[in-house]
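Hi,

Here is the structure I promised to pass on.

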Amino acid sequence: MSITQVFLLVAIAMFCGLFKNTRYRNLILIIFSLLIYYRLQPATPIRFLDFWFPTFAIALALLTWIATQNNLADSLKENWTVLLIALLTITTIAGNRYLTLCCITATRPPQIWGVILALCGFLILGFLMLSKFSFRLRLTFLAILFIGIFILFKTPEISVLLSKFLRTINQQDVRFSSANDLVWLGISYILFRMLHILLDLRANRLSALKLADILSYLFFFPSLLAGPIARFPQFQEQLQVVPHLHDYIAGLRRVFLGLFRKFVLADSLALLALSPQNAFQIHSPFYLWIALIAFSLRIYFDFSGYTDIALGSARLMGIHLPENFNAPYLKTNLIQFWNSWHITLADWFRAYVFNPLTRRLRATVFPTWLTILIPQLSTMLLIGLWHGITLNFFFWGLWHGLGLFVNNRWNNWLKTHPLNRALFIQNIFGWALTFGYVTLGWVWFLMPTFWDAWNVFWRLFGLGI
Amino acid sequence: MSSGGFLVLEYKVMESKLGNLDRFWLRVILKGVLFFTGFNIFFAIYDFDYGKFSVYNHLFPGRFRLPYSDQPAESYNVTITNLDAMFASHLIAGSPKAPNEYRVLLIGDSATWGYLLPPDQTLAAHLNQANLRTPDNKAVVFYNLGYPVMSLLKDALILDRGLTYQPDLVLWLVTLESFPMEKQLFSPLLEKNPREVIRLIEKLSLSQTIPPPQLPPTTFWQRSLFGQRKALADWIRFQIYGFLWTATGVDHHIPEQIPEKQVDLSDEQNYYSQEPPNLRHDQLAFEVINATIRISAPTPIILINEPMFISSGLNSEIRYNFYYPRWAYDQYRELLVKFCQYQSLTCWDIWNLISPEEFTNTAIHMTSQGTPKLRNGSPML
């Protein structure tokens, strides 16, 4: 996102915040969120995908809403305005093919009849699901569908096949098929928010959902790009809040902090950070370490900068989004680090993977250490694969999973050891070790292949391969 | 109540509504605005020359060639046009001349700069690798001051700066494409340094030959920090890239697939505004060379007509290559020889020294195998 785009988003957020009637505010918010989603979706080499990706995401949201209703007729009565707004927004954007009023989508949208047909198909699928499947079965079906979509788009090998398929039906040259053809903006966040809704509905932690709330939650424009993944009930509560003077001040302050972190710190650090390109050009371990530390800081300032912008923009509407970072690089052990890095994603996996798995394992005959290792490894592997289903992200997850396990065992051992009292030493060494371990772990994250990462690891210690 | 008093009241009312933290941030913003305004005024009034400050030759080693890049992110290099900053980043600025050093400057176009060559494969680098010594046993050290623009006036501008570094000899590599009068001022480097260009034209007494550019009126706003933000941002990026330059030794991105030079040529006979059969001497900037030799004295200059690609493709009987119709280039060589004889200037015409396969994407850019051949074929060796 450019600085101009950030200022535009801030202006829109302030405009939305001006509406003191939360019902109207939320309708305006939905319209802007959907428009911004289309606007931010980058162009792809495959024709019309920049239109179809957001449309498909909105259709999935509608499908989720339909599937979660018990009595559709009553729900439609209550939600028809929002449904109409969503459908009208999509068709208006598609109609822009003929009007070419402005630049909402990156490229020209497809034929409008195709869009209307696709939307009808989705709605029919929703109604069929509603009439044929039980509530739990519907939720399970959608959860499997979302995980399937996630795997499809996050596995480069499968993405290439999908790209070939899409190019074939679009009559485009399949020789240029690539996983990069399928850049679907914010889909990881959107799918995980949808899964959160489904899993909580399934566990009876959520009741009947309003379409307006679902659409606001899933496509809330400040958090489209980089989260955070708020919890639905908390977000629903926040939608009823109106901003005050101190919200404007706090929001703007946070946006400026984010701008500074992203555009000054992160973008400057990017000029010296380790990258797949320079990793093999740097000729000494000393410089390689500096570049790696620069990458470590860069990724933090980049991500936390975007989060600040998201939190600040939301605050301009009176909405408090959950914090995603809490000085992670100042933590003195890995457990603390993961409690303060991408907090909302870690919370998501803690709620739906780590805790249930730990509970199950504790009811078995597994030794204690195994009931700790398995959930930690599984959670961290899944967090790794959330970034992309590749061997490198797998190893990045494994790296942190094993690190957390060792950290846990160390803490356990330390409880009975005299070193436990030497807090200062613990903190100094703990900080250095944690920062070093996390920073080394980024090698898996940033290098494109396993062997590239392996090579860089050795070279960092002066052992060139 | 005066309007000032009203504002104070407004501020106090606003302040009373804010918490301690917000008051803190309000003060931060106010101070920030004050500092920003102050810096802008300082920049605008004092015309602050930040280009003299450089991390190169201090925190990081100096660069082997002047900053230029088409792809900054891949080259760890940025095209900056502040002459002070350009020279401050160069190795020559951090290398005081030793008593036993015989200093040679190379000036010229992108071929001299070493386009599509790594910094250790340029002509200057190859000449340094030869470890030459003068008869009185001084070490000959070559500095690459080439710059990828074809204009003799640009070469003169760089040499004028280079002379402050006490060269013992200047090797000036030229080709016909640097000579047309209409090309002399056509370069971002010259366009961005109008004051320097005007001063140079006056110094060279060339105002009759090359009309000096109009000094664009600069507003207070343009001179301020904000007005100069693009140039400043480029300068800052260039300083930060010092780290990757040091760590990698890369200052120029060389793509894996280099586009091929044009072998089949058009049948166009004209050369710029000139039509065959006669190349007009007054349309070529020989006078720039003449004047530059004058201001460089007593430092000797050797003029080198640089090698070029000679095509054998379509229409090669009409043209030598993409740049030159045969008639124009042949006459240029004759004019150059006459000019050198008249000025008693040492000139090396090595236009056909390098075989056609040793050129890369244009008719003057050489491969890393071609450049050492130029070194070996140079009469100096």
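Helices here are DSSP runs of H or I with at least four residues, numbered from the N terminus. This is a predicted model, in which local features need pLDDT of at least 70 and side-chain atom pairs count only at pLDDT 80 or more, while totals for chains, interfaces and linings use all residues. Residues are numbered from 1 along each chain as its sequence is written, chains are lettered from A and ligands numbered from 1 in the order in which they are written, and side-chain values use heavy atoms, leaving out hydrogens and water.

A:Trp458 sits in helix α18 of chain A, residues 450-460. Its relative accessibility is 34%, so A:Trp458 counts as partly exposed (between the cut-offs for buried, under 20% relative accessible area, and exposed, over 50%, using a 1.4 Å probe and protein chains only).

Now for the inside. Helix α9 of chain A, residues 211-219, is mostly covered, with nine of its nine residues buried. Among them are A:Ile214, A:Leu215, A:Leu218 and A:Phe219. The cover over the buried residues of α9(A) includes α2 (22-40), α3 (49-67), α4 (72-99), α8 (187-202) and α10 (232-238) of chain A.

A:Ala61 belongs to helix α3 of chain A. A:Ala61 is buried because its relative accessible area is 0%. Leaving aside residues up to four places away in sequence, A:Ala61 touches A:Met194, A:Ile214, A:Leu215, A:Leu218 and A:Phe219 (contact means heavy atoms within 4.5 Å).

Happy browsing!

How values were computed
Helix = DSSP H or I, 4+ residues; strand = E, 2+ residues; numbered from the N terminus.
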